[in-house]
Amino acid sequence: MNCRIGSGFDVHAFGPGDHVMLGGVHVPHDRGVIAHSDGDVVLHALCDAMLGAMALGDIGKHFPPSDPRWKDADSRVFVRHCKALLAEHGWTLGNADITVICERPRIGPHAGAMRGLIAADLGVAVDAISIKATTTETLGFTGRGEGIAAQAVCLLVRE
């Protein structure tokens, strides 16, 4: 079996709004994010992990923020694009492990829904997708509540 790993990271500053999109889920929050698309750090980090494992660049190469087509875009479109690239290049997702880094909002109550949407978009079992969260103990920009970040790793397999 041929395997590759990839890693991804994304961050967005908080701005005006009443929710954040995380893993395709509308999560109520007292702030939104400043972003060209919907600013879903979970899905952006995951896409970068998959694209990196395939050596196909990053999410900005495929969906440049300078392109008005992606203004306010649903990041699940990006995941589906990556799924198509996986198939085109003969890869399948073995698993993905994603960590959200923030003080707020609370991620736990929404993790199951995120896992379900991501698994459905990638055509894998829910147990192939892990979503967890951590804080930075009030240190740095996430600790001060200035923004939110996510990191992802994935394993791609080809038989």
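F9 is partly exposed, with a relative accessible area of 46% (partly exposed lies between buried, under 20%, and exposed, over 50%, with a 1.4 Å probe and protein chains only). The model is a predicted one, in which local features need pLDDT of at least 70 and side-chain atom pairs count only at pLDDT 80 or more, whereas totals for chains, interfaces and linings use all residues. Residues are numbered from 1 along each chain as its sequence is written, and side-chain values use heavy atoms, with hydrogens and water left out.

Together with V11 and F141, F9 makes a nonpolar surface patch of about 250 Å² (patch residues have over 30% relative accessible area and no salt bridge, and nonpolar side chains are joined within 5 Å, like charges within 9 Å).

Seven salt bridges were counted (a side-chain nitrogen of Lys or Arg within 4 Å of a carboxyl oxygen of Asp or Glu). One of them pairs D30 with R104, the closest N and O atoms lying 2.9 Å apart, and this pair links distant parts of the chain, 74 residues apart. D30 is partly exposed at 47% relative accessibility, and R104 is partly exposed at 46%. In the salt bridge between D121 and R76, the closest N and O atoms are 2.7 Å apart; D121 lies in helix 4 and R76 in helix 3, so the pair ties together parts that are 45 residues apart in sequence.

Conventions: Accessible areas come from the Shrake-Rupley method with a 1.4 Å probe; for residues, only the protein chains shown count as cover. Helices (H or I, at least four residues) and strands (E, at least two) are DSSP runs, numbered from the N terminus.
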